[in-house]
Amino acid sequence: MEFVTPGLSPLTYSILVTLLIVYYAGALVSIIHLIFKSDYNLTERLLWMLAIWLIPIIGLIVYWVYWRKRSSDI
């Protein structure tokens with residue numbers, strides 16, 4: 001593991017791994033919500049999936065903000 005994370009302490013490494021796990025758990029929950037709970041059409045759903053997976057953290061936050069805004073407008 002020294003080749004992947006040179007100079008990182010075990011605490012820093014475990015924090016990074018935990019944050020990564022939390023991020024992907026949030027992305028998974030967002031995608032499940034997108035598939036089963038949203039009223040977006042197929043093209044919008046695919047675009048949101050790309051945003052959630054390819055744009056770390058910002059994609060998740062933007063999805064939930066737009067979802068809340070869209071729900072309150074209806």
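Colleague: What makes the order of elements in this chain α-α-α?

Modeller: Going from the N terminus, the elements run α-α-α, and the chain has three helices and zero strands. Helices here are DSSP runs of H or I with at least four residues, strands are E runs with at least two, and numbering starts at the N terminus. Bear in mind that this is a predicted model, where local features need pLDDT of at least 70 and side-chain atom pairs count only at pLDDT 80 or more, while totals for chains, interfaces and linings use all residues. Residues are numbered from 1 along each chain as its sequence is written, and side-chain values use heavy atoms, with hydrogens and water left out.

Colleague: Why is Ser30 called buried?

Modeller: Buried means under 20% relative accessible area, exposed means over 50%, and partly exposed is in between, with a 1.4 Å probe and protein chains only. Ser30 has 1% relative accessibility, so it counts as buried. Ser30 sits in helix H1 and, leaving aside its neighbours within four places in sequence, touches Ile52, Leu60, Tyr63 and Trp64. Contact means heavy atoms within 4.5 Å.

Colleague: And why does His33 count as buried?

Modeller: His33 comes out at 14% relative accessibility, and therefore counts as buried. His33 is in helix H1 too, and its contacts, neighbours within four places in sequence aside, are Ser38, Tyr63, Trp64 and Trp67.

Colleague: What makes Leu46 partly exposed?

Modeller: Its relative accessibility is 47%, so Leu46 counts as partly exposed. Leu46 belongs to helix H2. From Leu46 to Ile31 is 15 residues in sequence and 9.9 Å in space, C-alpha to C-alpha.

Colleague: How do you know that the crossing of H1 and H3 is left-handed?

Modeller: A crossing is left-handed if the near helix is turned anticlockwise from the far one by less than a right angle, and right-handed if clockwise. The axes of H1 (residues 10–36) and H3 (residues 58–73) cross at roughly 35° and come within 10 Å, and the crossing is left-handed. Axes are lines fitted to C-alpha atoms, for helices over the stretch in contact, with angles from 0 to 180 degrees between N-to-C directions. On the H1 side, Tyr23, Gly26, Ala27, Ser30, His33 and Leu34 meet Leu60, Tyr63, Trp64 and Trp67 of H3.

Colleague: How does the contact of H2 with H3 divide by class?

Modeller: The axes of H2 (residues 42–54) and H3 come within 8 Å and cross at roughly 140°. H2 brings Glu44, Trp48, Ala51 and Ile52, and H3 brings Gly59, Leu60, Val62, Tyr63, Tyr66 and Arg70. Ala, Val, Leu, Ile, Met, Phe, Trp, Tyr, Cys and Pro count as nonpolar, Asp, Glu, Lys and Arg as charged, and the others, Gly among them, as polar. That gives seven nonpolar, one polar and two charged residues.

Colleague: Which residues make up the largest nonpolar core?

Modeller: A nonpolar core is a set of buried Ala, Val, Leu, Ile, Met, Phe, Trp, Tyr and Cys residues joined through side-chain atoms within 4.5 Å. The largest has eleven residues: Tyr23, Ala27, Ile31, Leu34, Tyr40, Trp48, Ala51, Ile52, Leu60, Tyr63 and Trp67. H1, H2 and H3 are the elements giving two or more residues to this core, and H1 gives the most, with four. In soluble globular proteins, nonpolar side chains tend to be buried together.

Colleague: What does Tyr40 contact, leaving aside its neighbours within four places in sequence?

Modeller: Tyr40 is in contact with Leu34, Arg45, Trp48, Tyr63, Tyr66, Trp67 and Arg70.
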